[in-house]
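Please keep the sequence and the structure in view while reading.

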Amino acid sequence: MEPVCLQYAPATTRSLMARVGAYVTVEVDGEQYRLSPHEMPGEIEWRIDFIRWLISRALHQVSALPRTQRMKALIKIEDELIHRTNLHPIEARAVIGGTLWALQDLPEDEMWALERAKPLFEARVRSEGEALMSRYLALVQHYGRRKGPESLERNPDAGPAEPSDWNWSVFLDW
């Protein structure tokens, strides 16, 4: 499975950026939205569901692998979660820990059942992931402030060509 790319910055990061005059913006359907420096209603619940989904996704990715290859695969997944999905390292470790815990409780015959049902499980993971992304984008559109090119604010300490908004997707090379 491809790594999950996400234009998400936690409220603490947004708050820090706003205090130094740089607001986080996210693009949704070609529109720029400035994210609130404060936690958006429903954001924590969405984040919990997102972490749970990542555990389920990682479990599926490694369950069919031979036991000797699982740790190497989980280390790679953890690295992708930090560098491509923009998770905090503590959250990435929680995903890996949750995956290991689930693997530990999964009997071998159930692992083979997961492998046989791979197309169904992949479709479920994809569908749940799309629903989570839609929820996040709905939060952005509802609680973010739409920004057109005419409303681009400038950082008073920056030169005239340096906007104070950080387009997170460009900054993190998504």
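Two residues are in contact when heavy atoms of theirs lie within 4.5 Å. The structure shown is a predicted model. Among its contacts between residues at least 6 apart in sequence, 73% join residues at least 24 apart.

**Overall fold**

The chain contains seven helices and four strands. Their order along the sequence is α-β-β-α-α-α-α-α-β-β-α. Of the 174 residues in the chain, 38% are buried. The chain exposes about 10,300 Å², and carbon and sulfur atoms supply 57% of that area.

**Aromatic pairs**

How many aromatic pairs does a search of the whole structure find? The search finds five, and two of them are set out in the table below.

| Pair | Arrangement | Centre to centre | Angle between planes |
|---|---|---|---|
| Tyr8 and Tyr136 | edge-to-face | 5.6 Å | 70° |
| Phe50 and Trp53 | stacked | 6.0 Å | 25° |

The pair of Tyr8 and Tyr136 links distant parts of the chain, as its two residues are 128 residues apart. Tyr8 lies in the segment before helix 1 (11-19), whereas Tyr136 belongs to helix 6 (residues 118-143). Are these two residues buried or exposed? A residue counts as buried when its relative accessible area is under 20%. Tyr8 has a relative accessible area of 4% and is therefore buried. Tyr136 has a value of 2%, so Tyr136 is buried as well.

The angle of 25° between the rings of Phe50 and Trp53 makes their pair stacked, because planes under 30 degrees apart count as stacked. Both residues lie in helix 2 (residues 43-63). They are three residues apart there, which is about one turn of the helix. Phe50 and Trp53 are both buried.

The residues of these two pairs also belong together: Tyr8, Trp46, Phe50, Trp53 and Tyr136 form one aromatic cluster.

**Other side-chain interactions**

A further aromatic ring, that of Tyr23, has the charged end of Arg34 over it, 3.9 Å from the ring centre.

Strand 1 (residues 23-28) includes Thr25. Is Thr25 buried or exposed? With a relative accessibility of 4%, Thr25 counts as buried. The side chain of Thr25 is joined to that of Gln32 by a polar contact of 3.4 Å.

Methods. Residues numbered from 1 in each chain as written. Predicted model: local features only at pLDDT ≥ 70, side-chain atom pairs only at ≥ 80, totals over all residues. Heavy atoms only, no water. Buried < 20%, exposed > 50% of the residue type's maximum accessible area, 1.4 Å probe, protein only. Areas by Shrake-Rupley, 256 points an atom, 1.4 Å probe, with all protein chains shown as cover. Phe/Tyr/Trp six-rings, centres within 6.5 Å; stacked < 30°, edge-to-face > 60°. Lys NZ or Arg CZ within 6 Å of the ring centre and 35° of its normal. Polar contact = N/O pair within 3.5 Å; in protein donor to acceptor, adjacent residues only side chain to side chain.
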